[in-house]
Amino acid sequence: MLWPLSTRHKRLFRLTSARWQRRAIFLLGGIAVGAAAVALAQLADLAQHAFVLLLAKSRYAVLAVTPLGFMLSAYLTIRLFPNAQGSGIPQAIAARHLTDQAARESLVSIRIAIGKMILTLFGLLCGGSVGREGPTVQVGASIMFALGRVSPRRQPGLILAGAAAGVAAAFNTPLAGIVFGIEEMSRAFETRTSSLIIAAVIAAGLTSLALSGNYAYFGSSAMSLARGADWLAVPLCGVVGGLAGGLFSRVVIAMARGFKNPLGRAIKGHPLWFAFACGLAVAICGLMSGDTIYGTGYVQVREALDHGTPLPRDFGVLKLLATTFAAISGIPGGIFSPSLAVGAGIGSNIAALFHDAPLGAIMLLGMVSYFAGVVQAPITAFVIVTEMTDNHGMVVPLMAAALIAHFVSRMICEEGIYHALAKGFVERGDASA
């Protein structure tokens, strides 16, 4: 004979069931984010390869393909996928702060995720200096948001977990994913959801490993600063990277907020023609660079690190300009990988001042310095570069360079680019609620 459950047992059963349901959502979401990250990575490689084939036929075709591609991408973003523009990380940050469900869904949803993936690939196909990692964050947050609709109170934690899992799977850097979630997405350590976020990151990481295998994003590097004089490169890279990163952030933030002058009104009134002009500027930068600054910049940096050969002298500057034009154009695309490429170019130029120092080590300093200057998240910067290169011997100099760059960047731009841009989405979401 079955005895009826007491009220206490019923409550305990409901709590236990809810707890396991929540864990299942985080784990299944992590697996889905990992699969989406791998798919986007592989398709991004195909898109860039297709663009290289176009360059092989006619390198001047970019004067038409890139600006028209930017214009079409901006049109599709405005008409079909609003709030899919740019990196996607500001949207994920904003979605965590909003409480209105409709406002959240306008920033992170399956529709947005699909549009983000398609248009990021299209941007790479057109030669845009954009990355796929930022978009993976918005895609991850969107997947988690969709899975967690049954539990609205947990959605900020789910969005955070999706973003962290996206970074972990995109770069195969699980530790960086967790640090990114704490330092950049939430700016706090959330005890109640920390274990579930780690579970989501593990699930995404294991999915990525199962589909792509274990790898270091930029390969394994054992280079380090051997001599005392080589350590002078640390503050130098920190200052230069912080200045450049802060300047980049300030320009992008100012353009996103708009200008109250005739030029600002013209840009706001004609976004498609502005995207066309930005695409044309990217094409010109590409031609001036000898076709090296298109896409993520991954191939150029990986080859330079693998072979110990310096990047072209104008690579860093032209990549910075191309990434700036792509970032302000309004097309979907991230700044993660392009920022690391810009930093590598800066490090390569600084390495010319240190003749006997290992080139790769100073390039890593440039990468972490510029990236920390842009996002103003120094811990994420040195952790992600360390994991991406599997070089733990450079941890201390990378930490020092990141902290210097962060301090210098703050003197130019008061707030990191992602949180500054997120404020605009929060204000619009609150106004529409």
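Helix α16 has 17 residues, which at 1.5 Å a residue should span 24 Å; the end C-alpha atoms of α16 are 25 Å apart, in agreement. The expected span is 1.5 Å times one less than the number of residues in the helix. The model is predicted: local features need pLDDT of at least 70, side-chain atom pairs count only at pLDDT 80 or more, and totals for chains, interfaces and linings use all residues. Residues are numbered from 1 along each chain as its sequence is written, and side-chain values use heavy atoms, with hydrogens and water left out.

Helix α16 is largely enclosed by the rest of the structure, because 17 of its 17 residues are buried. Buried means under 20% relative accessible area, exposed means over 50%, and partly exposed lies in between (1.4 Å probe, protein chains only). Gln 376 follows α16 and has a positive phi, near 50 degrees. Gln 376 is not a glycine. Its place is in the loop between α16 and α17 (378–389). Gln 376 is buried, with a relative accessible area of 7%. Asp 291 also has a positive phi, near 70 degrees, and is a residue other than glycine. Most residues other than glycine have a negative phi. Asp 291 sits in the loop between α12 (271–288) and α13 (298–307). At 23% relative accessibility, Asp 291 counts as partly exposed.

The protein chain contains 19 helices and 0 strands. Both are DSSP runs numbered from the N terminus: helices are H or I, at least four residues, and strands are E, at least two. Of the 433 residues in the chain, 56% are buried. The chain exposes about 18500 Å², of which carbon and sulfur atoms supply 67%. Accessible areas come from the Shrake-Rupley method with a 1.4 Å probe; for residues, only the protein chains shown count as cover. Among contacts between residues at least 6 apart in sequence, 82% join residues at least 24 apart. Contact means heavy atoms within 4.5 Å.

The largest nonpolar core has 113 residues. Such a core is a set of buried Ala, Val, Leu, Ile, Met, Phe, Trp, Tyr and Cys residues joined through side-chain atoms within 4.5 Å. Ile 362, Leu 365, Ile 384 and Ile 417 have the most contacts inside the largest core. Helix α16 (residues 359–375) gives the largest share of this core, 13 residues. Domain 1 (23–212) and domain 2 (228–425) both contribute residues, so the core lies between them. The domain bounds come from an automatic or database domain assignment. Apart from this core lies another, of 6 residues, among them Phe 26, Leu 158, Ala 161 and Ala 200. Not counting residues up to four places away in sequence, Ile 384 touches Val 167, Phe 171, Thr 173, Ala 176, Phe 336 and Phe 371.

Helix α6 (residues 133–147) holds Phe 145. Its 15 residues should span 21 Å at 1.5 Å a residue, and the end C-alpha atoms of α6 are 21 Å apart, which agrees. Of the 15 residues of α6, 13 are buried, so the helix is largely enclosed by the rest of the structure. Phe 145 is buried, with a relative accessible area of 1%. Phe 145 and Gly 29 are 116 residues apart along the chain, and their C-alpha atoms are separated by 9.1 Å.

Ala 244 lies in helix α10 (residues 233–257). Ala 244 is buried, with a relative accessible area of 15%. Not counting residues up to four places away in sequence, Ala 244 touches Ile 346 and Tyr 370. Ala 244 and Tyr 370 are 126 residues apart in sequence and 6.7 Å apart in space, C-alpha to C-alpha.

Helix α14 (residues 315–328) includes Lys 319. At 0% relative accessibility, Lys 319 counts as buried. Its contacts, not counting residues up to four places away in sequence, include Ser 129, Tyr 294, Pro 338 and Val 342. The C-alpha atoms of Lys 319 and Val 342, 23 residues apart along the chain, are separated by 5.8 Å.

An unreviewed UniProt entry lists "transmembrane region" for several spans, including residues 59–78, 231–252 and 359–385. UniProt positions are given in the numbering used here, feature names are shortened, and annotations may be inferred rather than shown by experiment. Residues 59–78 are 85% helix and 0% strand, with end C-alpha atoms 29 Å apart. Residues 231–252 are 91% helix and 0% strand, and their end C-alpha atoms lie 32 Å apart.
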